[in-house]
Amino acid sequence: MSFSHISHASMKTLVAGIAAAATLCTGAIATMQTANAADASTAPSVAGHAYNDLPVGNPDVTVTQIDNSALPATLRNPIGQNEGTNTPNDLSQNYYSADASTLEYDGKLFVFTGHDEAEPTYGSFNMKDWGVYVTDNPESGKWTHYKTIAKADLFDWATGDGAYAGQVVVDDAGTADTADDWFYYYVPVKDKNAAAGADPFSIGVAKSKSPLGPWVDAIGAPLLTTMQTQIETIDPAFFVDNDGTGYLHFGTFNSELAVKMQRDANTGRTSYVAVETMDGTADGAPKIYNMRDADALANIPDYDASKDVLGSDYANQVNASLTLGNNGGAYANGPKGFFEAAWVFREGDTYYNVYDGGKPGSGVATCVESNYQACVQYSTSASPLGPWTYQGVIVESGSSTTMHPSIQRFGGKWWVTYHTGDKTGGTDFRRAVCIDEVTWNGGRMNAVSHPTKAERLQPSRNVAPYASVDATYTETPAYKGSVNDGRVLETAVVPPNHWTNYRKMPQTQSSDSLIYQWNGAVRVNGSKVWFDTDANALRAPASWKLQYLDADGSWKDVPNSSEYGVDTGKNAPNEVTFDAVTTTALKLDMTAQAVDGGYASVGVPEWEVYAQQGAVVAERPADVYAKTGDAPELSNTVKVAYGSETVETPVLWRTVSASSYAQAGEFTVQGVVAGIETKQQADDLTAGNVAVTVHVSDDYVKPADTIAPAVRVALAGTAGNDGWLVTSPIALITASDNAAAPMAKLELAVGDGAWVTVGTNVNTAVKAVTGEGIVSVRARATDAAGNVSEIAAAEARVDATAPTVTASVDTASRTMALTASDGAGSGVKTVEYRVGNGEWQQYEEGAAITASSSKRETVSYRASDIAGNMSAAGVKDIPSDTSVPLAGYIEQDAVATDVGKKRLLGQLVLPRLTTAKPFRAIARLITPAFGVRGRIPVK
């Protein structure tokens, strides 16, 4: 729906009417086009106006009212989740926002964003303008979206695209009069004047009397260019310190830099458009400071951040003395884990540097698996220029490769903004901005990204979201957690959108497995798997199958399965049904297609598993008791009835707020049980299919727990033949207890080795195990009361290495012999060979492979072992018979010999040539010895 050319008064009335009729699904949305523009210096002030009725003097701006207030508080992210979704192909209405930055002004919170306009299958950014969400209360769920407040082509020197992450700040001119306020917008854009082949980004500065624009170039040229910074110059973050000094931090791909702004000699106030220079002149080269991780400076006790200027002798000395091991990686030009998107602010005497952290960054970020993912991390310092001491994670990794945080105090609380790919139709290049509260504890920050899985999940037969995921191998950029995230994109535009086992193309490994493990048991009888392909290495598997973990600890094929299809693509999932099994783990074994002497790779974007239909909760969970102020301990499972069989099935409980147990009383918690399709209240998004009552009292005393937990362990790997595993195994540990609290620790020992803790405060854990032959493990669990389980054990026969084949050629008899070995593996089963492109034949030990003609013949050979591993095909030639006239491909029968300064044909007695043109045959024969075709020295 679009409302164009409507007056502000009419618009306000219309919005009120729509808000009254807002529904849960769509919220209240209206759009308008503003009147003719004023220039930037006369733009109307937004001070004194309501957030949803700000005066607009920018002809490009359109306005949308967003009302998420009818949604539960935990389900109001992304902010624009329903904005324009009824017109999905109109990206001016179906708005995807990214790269949020915040500003508090005049009692309103402004969340400035970029605008993603990439097509669903496009693997890069398409961003040309910026917008802003405004509210007076983030908890209300009500926002006004002012779109297209600025365009990248506002700068004459810019190309008009690449409207990446920017930040708006306000200069109050040192007065309390809002009429004196100017707004400055620091934005990265592509520079027309960038050198050929160089990164095109520069940082520009725009200004306006209104945060809604219109904006004009404040300088007439870039503030900073990539030529000056020597990095991609994006993600500017501006703040003014207590002493009036302005700082601009920026950077990406492992490198964070900063500049100081010039200060007015008379007033001491910061400039918003001029940086300090190396020589102190107005037009000098910018003075750019390196940001450092404190741990990497262990060998530089007298480090001075004020001297660490990019390109200086001091900076070069620092680079040479860094302790990179302390930083966790090879990069140290930034805080630990820094990838991009710095946001710097001061609280008290401490400076906080919040940023996207990840494996692409300087140092290891343990919050992500893929090097294409990021989480929100932060470091602190006593100086705005560092060095920076790593503090931890604020927001865990989400559904897009970046998150781009900002932190803002507003309304007596602290807030973090970031983006995800969670909006309908979202991808890593079609993102949506979210906001959540930040909590502080002793100077440390933390936040929970809402909605969590427990808040978002709705009843379904699909039990995959309740499982933890592991794999026998995962390509570093890929992400195994993508297979049960509920998203199947039209194409996996970046590696974390799917799991793959890519190692190289072709690869020697023929098989790999994905593994689901549940904290409880599920009864399942169906599954659906999507496979990806690409133009390089990903192919549909040659075959696949499902195995379940039986109660006796062994892996068995699912019984009476339907056909395992191998279709590929979003719209072609492969569904299989089978007789119902009760299990705590399921395994997807995949064998790749043979290609080019090796094997292709397999990609899986999603894997669903379906519970047997007709399940119901067998009995309401027992009431839970807790002491006032203590979070209740809720069971991980509930009893589910499948006909006459009762199964302890996983349950996810909706979030319990601390206010619920802050005082004595009772309350109910809703839960969603794996595999049950029905819910208690169909129209309530927070309702589940089970509930438990919690009683809170001041005098509750938790009863003593003297019962030891139980633990199980199994070894999972890709199944081969005769009970062998053909991949290195993974130990799956599962514990259960009479108490609801998770295990204090889970431990594993390999063989007769020492105990190693593999999980704390969890009931399940996995651990990769190395070794071949008979591999054995032991496991034990310790509960929260200190009770220790009996030891559980498991073993498996492992042969993850293909046999080797050696070929020896007797040139005199023109025969070949093959010798195969499987080392300490399962043993050689077959040896095969083929001549040329002929059929593969069985090779008998000790036999001679004899040439079938006088021509040179190429023999391919391979071997398989009992476990099912097949070696990559080897190739060797049986030479031509030189006692008869040569024919066909004879170059390899020639040997070049150096004679003086000439390289001549030698060591080959040329027989009669079967050609009408002897010289041409000789030239063809010896040309490879010279590496060129053409004139050949012959004497």
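Analyst: Two strands pair if DSSP finds at least two bridges between them; strands (E, at least two residues) and helices (H or I, at least four) are DSSP runs numbered from the N terminus. The structure is a predicted model, in which local features need pLDDT of at least 70, side-chain atom pairs count only at pLDDT 80 or more, and totals for chains, interfaces and linings use all residues. Residues are numbered from 1 along each chain as its sequence is written, and side-chain values use heavy atoms, with hydrogens and water left out.

User: What makes strand S43 and strand S46 a pair?

Analyst: Strand S43 (residues 743–750) and strand S46 (residues 773–782) share 6 bridges in the antiparallel sense. The requirement is at least two bridges, so the two strands pair. Within this pairing, Lys745 stands opposite Thr782 of S46.

User: Why are S41 and S44 called edge strands?

Analyst: The open sheet has 5 strands in the order S41-S47-S46-S43-S44, with mixed pairing. Strand S41 (724–725) and strand S44 (756–762) each pair on one side only. In total, the protein has 6 helices and 56 strands.

User: Why is Thr568 called partly exposed?

Analyst: Thr568 has a relative accessible area of 30%. Buried means under 20%, exposed over 50%, and partly exposed in between (1.4 Å probe, protein chains only), so Thr568 is partly exposed. Thr568 is found in the loop between strand S29 (555–557) and strand S30 (574–591).

User: Which residues does Thr568 contact beyond its neighbours within four places in sequence?

Analyst: They are Phe531, Thr533 and Ala540, where contact means heavy atoms within 4.5 Å. Ala540 is 28 residues from Thr568 in sequence, while their C-alpha atoms are 6.4 Å apart.

User: What makes a group of residues a nonpolar core?

Analyst: A nonpolar core is a set of buried Ala, Val, Leu, Ile, Met, Phe, Trp, Tyr and Cys residues joined through side-chain atoms within 4.5 Å. The largest one here has 54 residues; Leu514, Tyr516, Trp518, Met590, Val604 and Trp607 touch the most other members. Strand S27 (residues 511–532) gives the most to this core, with 8 residues. Of the protein's 939 residues, 51% count as buried.
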